[in-house]
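Please find below my note on the structure under review.

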Amino acid sequence: MSSIGLKDMRAFFAIVEEGNISHAAQRLDVAQPALSRQMKKLEETLNAKLFERGSRRIRLTEAGRVFYSRVEKILGMVDGTVREITEIGSGDKGSIKLGTITSSGAKILPELIAKFHERYPNVTFEIWEGEGARILELLDNRLIEIAITRTQVDSLIYDSLILPNEPLVMVMDQSQACGESEDEVKLIELKDQPLIIPLRWKSIFETNCRRLGFEPKITCVSDGIVQNLLLVKMNLGISMVPMSSKTLLTDGNLIYKRLIEPEMTTHTVIAWLKNQTLSTSCINLIELFKEIFQSNIRDSEQ
């Protein structure tokens, strides 16, 4: 059997990420027919069909999905190892790969990257964005070095810095405004209101509502904070979001009210793998994060 090389894995990975062979060929700077032949040969080597034919957009077979999950881990480990070796002792160049959820990234990254760039102008950034579980998956697979998430992390696997609790607020269009207070809304005042609740807080939200004797009218469950804000803007409901989400969408018709009685909070976690040797650039970024937010963070090891 012919061996499978990194070139084959990177080509397969690019096709899946781009969604079609044409775009992947452009990304890899190769001719599309050559890339198609390479994938056909890969399937012959594996003796398995990786792609569903007949669709403009690539669809993976069961074997293709398994192969993709393995390739992602392998490439992550290879690229991570190369990065560790080549950037040892060199904190003024290289590239930092990090992943973030939308709301935390919007709050933290602009100031952090701006100040870091002042000190290390030759260091570049590659930023992945997604929901919390996906960001940790990328970290586990070593495709990124640092994860910014609101997901609880295992201290046996990750080192982390944790920002203090941040209030959850209810954002509503002026035409749907509820609650007697201008800047706060009691949970009971949300009874019978159409609600858009992120999945990560749905369970505790429903529990709190039941303690007050009512079932919440949840019309949509979504962890897409920006999407939820846009749904509110379209008058489709009142959404729960972190306080920092106010910076994501400027709209004079949106009202943000802190949720009280009971109050609900969240926090941001900066995490990296315990068993991974971080590049000097990443270490410098973490140190800068501590410097900027020193009065607000707590170390997971303390």
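Predicted model: local features only at pLDDT ≥ 70, side-chain atom pairs only at ≥ 80, totals over all residues.

1. On cysteines, the count of disulfides is zero. Cys 178 takes part in none, since a disulfide requires sulfur atoms within 2.5 Å and the nearest cysteine sulfur, that of Cys 209, lies 12 Å away. Cys 178 is buried, with a relative accessible area of 8%; Cys 282 is also buried, at 0%.

2. Helix 8 spans residues 225-233, and its buried residues are Ile 225, Asn 228, Leu 229 and Val 232. Viewed down the helix axis, these residues fall within an arc of 100 degrees, so they line one face of helix 8. Their packing partners are helix 5 (102-119) together with strand 7 (166-173), strand 9 (194-197), strand 11 (238-242) and strand 12 (254-260).

3. Most residues other than glycine have a negative phi. Asn 235 belongs to the loop between helix 8 and strand 11 and is partly exposed, with 38% relative accessibility.

4. Arg 142 likewise has a positive phi, near 65 degrees, and is not a glycine. Its position is the loop between helix 6 (132-140) and strand 5 (146-149). Arg 142 is buried, with a relative accessible area of 15%.

5. Most peptide bonds are trans. The bond joining Glu 261 and Pro 262 is cis, with omega about 0 degrees. Pro 262 sits in the loop between strand 12 and strand 13 (265-266).

Terms used
Residues numbered from 1 in each chain as written. Heavy atoms only, no water. Buried < 20%, exposed > 50% of the residue type's maximum accessible area, 1.4 Å probe, protein only. Helix = DSSP H or I, 4+ residues; strand = E, 2+ residues; numbered from the N terminus. Arc of directions from axis to C-beta. Contact = heavy atoms within 4.5 Å.
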